[in-house]
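Welcome, and thanks for taking a look at this one. Please open the sequence and the model side by side before reading the notes.

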Amino acid sequence: MSATIQITETAQSSVRRPREVVAPRAPGLLADTWNVMVRELRPVFREPVSVLFAMVQPLVFLGLFAPLLPKVEDGSALQWFVPGIIAMTALMSASFTGANLTQEIVTGSHERLLVSPLSRSSLLVGRALKEIVPMLMQSAIIVAVVTPFGFDLHLGHVLLGVVVLAGFSIGVGALSFALALVSKDQEWLFWTVQQTLIFPLLLLAGVLLPLDGAPGWLRFAADLNPLKYVVEAERALFAGTVPVDTVAYGAVASAVVAAFGLAVGLRAMRASR
Amino acid sequence: MTTQHTTGPVIRTEGLTRHFTRHKQTVEAVRGLDLEVGRGELVAFLGPNGAGKSTTLRMLTTLLEPTSGTAEVAGYDVVRERRQVRRSIGYVGQGNGAGHAQRGRDELVSQGRAFGLSRSAAYARAEELLDAFDLTEHARRPVSTLSGGQRRRLDIAIGLVHTPQLLFLDEPSTGLDPQNRANLQEQVRRLHDEQGTTIVLTTHYLEEADAIADRVVVIDHGRVIADDTAAALKAGLGDLVTLGFENETHAITAAWQAEVLLGSRAEIERVGNVVRVRSARGAETAPGLVTELAWQGVPVTRLDVASATLDDVFLELTGRSLRESNEHTSDDTSDDSSEHISENSEGEAA
């Protein structure tokens, strides 16, 4: 009799208890980062047209500003202008990206991720690394658009160029996420800061007009702008040359932006609750 | 083969306290909370907006660090063992767990992967949950295009991907229409009954706490002011029997008769030709009372028996109606203590 009762009890308890957590192992930092990046990329792949959003302004400059450039003797103005526009697109796209996080903060999915076992670091690094993908897609679109208009394509050099640009995208993306985390649900704050910073950065990098004739103080300010070195490296590479010092300066500037951005971003994400 | 579902509490807090600083003022959102929740319980934290329910939940789910006191969730300390706590619990917040730019199935898969499921296991689990929550046909749509009810179901499905033994739901039915609210309550109930999941939810809806929770923890001004089953809380207050009479004279006589019959066991009050009697087991004593009064020549012309509501309980405990408290706090922004401050003052607290 007592045996029967024993069995019944056991059966009941096994029915009533939920199944154990299905995951036997805790994913590590790399797996976490990969998972965050894949999650971020899904909307990009599901809706590839979305990468055009950040390209509106660069394309306007390409269409309406490039034709106004004076003719230069060594090659077309387009050859000089396109690398700058690609860098501009990378800056726009990566600096917009925090807005997605702002939306996630407002709607609540950020909070859900904070309570998940994903580490804080992976939530930032995974997001920032993902910026490479839209940057590649956008660069490809721009090159495809300008090539029929007399742009001289040096594919190998262009590929090296986007490698240099990748660090810049990651860094700016991380800074944009940091700005979103600090702004929290105040979307206006995010956009005000983003818009205020973006044009000085572009002008001080010589993206639209060369800095050759600039007054001393402006050149000094431009020398402090990492984007200037990135743009110079891109211009050299897109022209089909590989001047080691220019490219190295560009790569270092890009790496510095990446390191600085990730450091600031990680700080902001670790403080995020 | 001893029964494992009775091994210690799933949640244990000791002196759990959280202060917020805003405009140089300290707000004590949660004050010295001592609480135990056992395995398999379904508990509702009930209280007006700003009572400290959500702040408590945010501390238990590692979103907020306590100012003082300790809390253990699923056997892990919420400050020192955050990652283990996060792996052990399911959490459905007030907002949408699913990202609006994402698609439903993708979010379920992402969540599964975050908990370490293999790709195929994550997809299989996503299908299972989409089916269980009647979302299969919406799985490919961006979350932003789903209706409020569909989104909420998706949020709960996401919270359940790793089949947690302990599930937190923060105001799960806020913003849902009555139909969807009823569906949600049924789903929560079923999850508890069929899987034995321990569930802790916050609500400022009395009806909700009443309808689904086995145990109601009433929280006000950051303190637990009552903790019992809804039935016991209400039984303590008794039923309200309202008797109508032809005229005031009859009512006066009846009130006096009722006093004689029920004595100190009842609170009796007369207004015009209506007599109100509040007593334990009022529903059972009412028929006898009506017959007796008829014998005494004061026939009852109208009878109404109402069991106590949780609102009556809240009124009895605090001197305020819960409904009024909700309206009051939502209007008065200077007093919406915990929930909103938690967003703003985190920078200072961190």
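Here is a short briefing, grouped by topic.

Keep in mind throughout that this is a predicted model. Chain A has 13 helices and zero strands, while chain B is divided into two parts, domain 1 (4–234 + 320–349) and domain 2 (238–306).

**Chain A**

- Of the 273 residues in chain A, 43% are buried.
- If you take the contacts in chain A between residues at least 6 apart in sequence, 80% of them join residues at least 24 apart.

**Domains of chain B**

- Domain 1 of chain B is assigned in two segments, 4–234 and 320–349.
- The centres of domain 1 and domain 2 of chain B, taken over C-alpha atoms, are separated by 44 Å.

**The open antiparallel sheet of chain B**

- Four strands of chain B form an open sheet in the order β2-β1-β4-β5, and their pairing is antiparallel.
- At its edges are β2 (25–38) and β5 (76–77) of chain B, each of which pairs on one side only.
- Follow β4(B), residues 68–73, and you will find that this strand pairs with β5(B) in the antiparallel sense over two bridges.
- For B:Glu72, the bridge partner in β5(B) is B:Asp77.

- Strand β3(B) covers residues 42–46, and five of its five residues are buried.
- Both faces of β3(B) are covered, with B:Leu42, B:Ala44 and B:Leu46 on one side and B:Val43 and B:Phe45 on the other.
- One parallel partner of β3(B) is β8(B), residues 198–203, joined to it over five bridges.
- Strand β9(B), residues 215–220, also runs parallel to β3(B), and four bridges join the two.

**A loop glycine in chain B**

- B:Gly175 sits in the loop between β7 (166–170) and α6 (178–195) of chain B.
- Is B:Gly175 buried or partly exposed? B:Gly175 counts as partly exposed because 13 C-beta neighbours lie inside 10 Å.
- From B:Gly175 to B:Gln195, 20 residues apart along the chain, the C-alpha atoms are separated by 27 Å.

Note on methods:
Residues numbered from 1 in each chain as written. Chains lettered and ligands numbered in written order. Predicted model: local features only at pLDDT ≥ 70, side-chain atom pairs only at ≥ 80, totals over all residues. Pairing = 2+ DSSP bridges. Buried ≥ 20, exposed ≤ 12 C-beta atoms within 10 Å, placed from the backbone. Contact = placed C-beta atoms within 7 Å. Domains from an automatic or database assignment.
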